[in-house]
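Subject: Structure for you to look at

Hi,

Here is the structure I promised to pass on. Please open it alongside this note; my findings follow below it.

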Amino acid sequence: MIKISCEACGWVAVTGEPVNDVWREHEAGCPAVGGAVRHLPDLPPIRPRLPEVNPCRHRLVRRQIAVMGNGVKKYAVMCELCGRFVG
Ligand SMILES: [Zn+2]
Ligand SMILES: [Zn+2]
């Protein structure tokens, strides 16, 4: 059994069916503003491990990435130019 959850609306499913199919179904019906956000506990953080090597000077913007079930908005700071998450 595999557990899948949606960070955007708080939906959780434990399933033996193919995860991608179950997820696609939720994604289509997710009530969250801005769409479903799949929680993937198995994947490492998106943050690069190595120090910054590209010449981008980073224009930081605060992007809304999800709205929780209780209406609390989640933000991530990312670079508008290269798309990297900074914090
Ligand atoms: Zn959802
Ligand atoms: Zn950048």
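Predicted model: local features only at pLDDT ≥ 70, side-chain atom pairs only at ≥ 80, totals over all residues.

**Confidence**

The mean pLDDT of the chain is 85. A score of at least 70 is reached by 82% of the residues. Among the elements, helix H1 has the highest mean pLDDT, at 93. Strand S4 (residues 60–67) has the lowest, at 89.

**Overall layout**

The chain holds one helix and five strands. Read from the N terminus, the order is β-β-α-β-β-β. Of its 87 residues, 7% count as buried. Take the contacts with a separation of 6 or more: 37% of them involve residues 24 or more positions apart.

**The sheet**

Three strands make an open, antiparallel sheet, in the order S2-S1-S3. S2 (12–15) and S3 (38–39) are the edge strands; each has a single partner, so one side of each has no neighbour in the sheet.

Strand S1 covers residues 2–6. Here is how S1 pairs:

- S1 and S2 run antiparallel and are joined by four bridges. Ile4 stands opposite Ala13 in S2.
- S1 and S3 are also antiparallel, with two bridges. Cys6 has Arg38 of S3 as its bridge partner.

S1 and S2 also form a hairpin, with five residues between them. Gly10 sits in that turn and has a positive phi of about 85 degrees.

Where does the helix go? H1 (residues 19–29) lies across S1, S2 and S3. Its angle to S1 is about 25 degrees.

**The core**

The largest nonpolar core has five residues: Cys6, Ala8, Cys9, Ala36 and Ala66.

Which residues does Ala8 contact beyond its neighbours within four places in sequence? The list is Cys30, Ala32, Gly34, Gly35, Ala36, Val37, Ala66 and Val67.

**Two residues to look at**

Back to Arg62. Arg62 lies in strand S4. Leaving out residues up to four places away in sequence, Arg62 touches Tyr75 and Val77. Val77 is 15 residues from Arg62 along the chain, yet their C-alpha atoms are separated by 4.6 Å.

Then His58. His58 sits in the loop between S3 and S4. Its phi is positive, about 60 degrees, although His58 is not a glycine. As a general point, most residues other than glycine have a negative phi. Is His58 buried, exposed or partly exposed? With 15 C-beta neighbours inside 10 Å, His58 counts as partly exposed.

Best wishes

Conventions:
Residues numbered from 1 in each chain as written. Chains lettered and ligands numbered in written order. Pairing = 2+ DSSP bridges. Contact = placed C-beta atoms within 7 Å. Axes fitted to C-alpha atoms, helices over the stretch in contact; angles between N-to-C directions. pLDDT = per-residue confidence, 0-100. Buried ≥ 20, exposed ≤ 12 C-beta atoms within 10 Å, placed from the backbone. Core = buried A, V, L, I, M, F, W, Y, C linked by C-beta atoms within 7 Å.
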